Amino acid sequence: MGHRVVALVDPPLELYRVTSAAAVFGDHGPDIPAHYDFALCAARPGPVRTTMGVDVIVDRGLEALVAADTVLITGWCAGPDVPGDVGAAVLDAHRRGARIVAICSGVYVPAALGLLDGRAAAVHWEMTAELAVRYPLVRADASVLFVDHGDVATAGASATTVDLCLHQVRREHGAALAMRIGRQLSAPPQREGSQRQFPRLPTTGPVPDSLAPLLDWITARLCLPLTIEEMAARAGLSPRTLSRHFTDQLGVSPGRWLLDRRIATTRALLEETDLPVGAIAARVGLSSAVNLRRRFRAALGTTPAAYRETFRRAA
């Protein structure tokens, strides 16, 4: 049996967060190794009302948390009030070593249980004031996508669900697997938790259909010195229009997206192969070992050699 991820849901359930998590931790077909089992549970099993006006049937109750390796709280619409049986079940899971992951309003649960006292938490920008009043020991931060303390992780907005779930895959199984899953989902390359939230801009999740073919085309040609003019010509747009589409739909410029993809591929090659840095630079389109090292240090604050050594020691 794989790593058991159990999503604790309550009504009214916002399906986007649950389906985003299931897309990362669920089945990806025979070509991608399966490391996770994903399930739902509720304090009161049965029909759970959703924000779409339909019910989801949840068969399992809080007893499902007994076997969970990760407890995923995708939201807590009851607000800061956490029932005693729910709190006890989550605390028991945490005490035996389960990872607690809270998305958006789900932060109320670990906050109410004291699991975030004295710690930073990624909080949606609309919730920071209330959280500060109710839980003054929690350092609410609306400026980051997610915060991971290992045993407890938080993500501030619905659109960061994929970011945090892919981060967990990367943390447990490496960048290569996370990239393969993200590519299958047409999700953008890794966004580190320290990046700023964009509350009014959906910068993650499924890529809009209008950009997906172009992003696949770019990814297949990372070894080439692509220009924005070439990307725009492929998309049948002017460079200015293409830049606007990237900014509006992905939150970054075409050049930034391309560099992020090159850095992410570099990480995967450092983790999964023994290729020298110069060969990796050629594969990812960064022209030379010197250029790769400069770009890598600017992005991650370390060298390719140190990154590879750190990953190998951790593995």
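With a relative accessibility of 0%, F296 counts as buried, a term that means under 20% relative accessible area, whereas exposed means over 50% and partly exposed lies in between (1.4 Å probe, protein chains only). The model is a predicted one, in which local features need pLDDT of at least 70 and side-chain atom pairs count only at pLDDT 80 or more, while totals for chains, interfaces and linings use all residues. Residues are numbered from 1 along each chain as its sequence is written, and side-chain values use heavy atoms, with hydrogens and water left out.

Three aromatic pairs are found in a search of the whole structure, where rings of Phe, Tyr and Trp (its six-membered ring) pair if their centres lie within 6.5 Å, planes under 30 degrees apart counting as stacked, over 60 as edge-to-face and the rest as tilted. One of them joins F25 and Y36, whose ring centres are 4.9 Å apart and whose planes stand at 55 degrees, so the pair is tilted. F25 and Y36 are both buried. Another pair, formed by F296 and Y307, is edge-to-face, with 5.6 Å from centre to centre and 75 degrees between the planes; Y307 is buried, at a relative accessible area of 12%.

A further buried residue is T70, whose relative accessible area is 1%. The side chain of T70 makes a polar contact of 2.7 Å with that of H3, such a contact being a pair of N or O atoms within 3.5 Å, of which, within protein, one must be able to donate a hydrogen and the other to accept it, and residues adjacent in sequence count only if both atoms are side-chain atoms.
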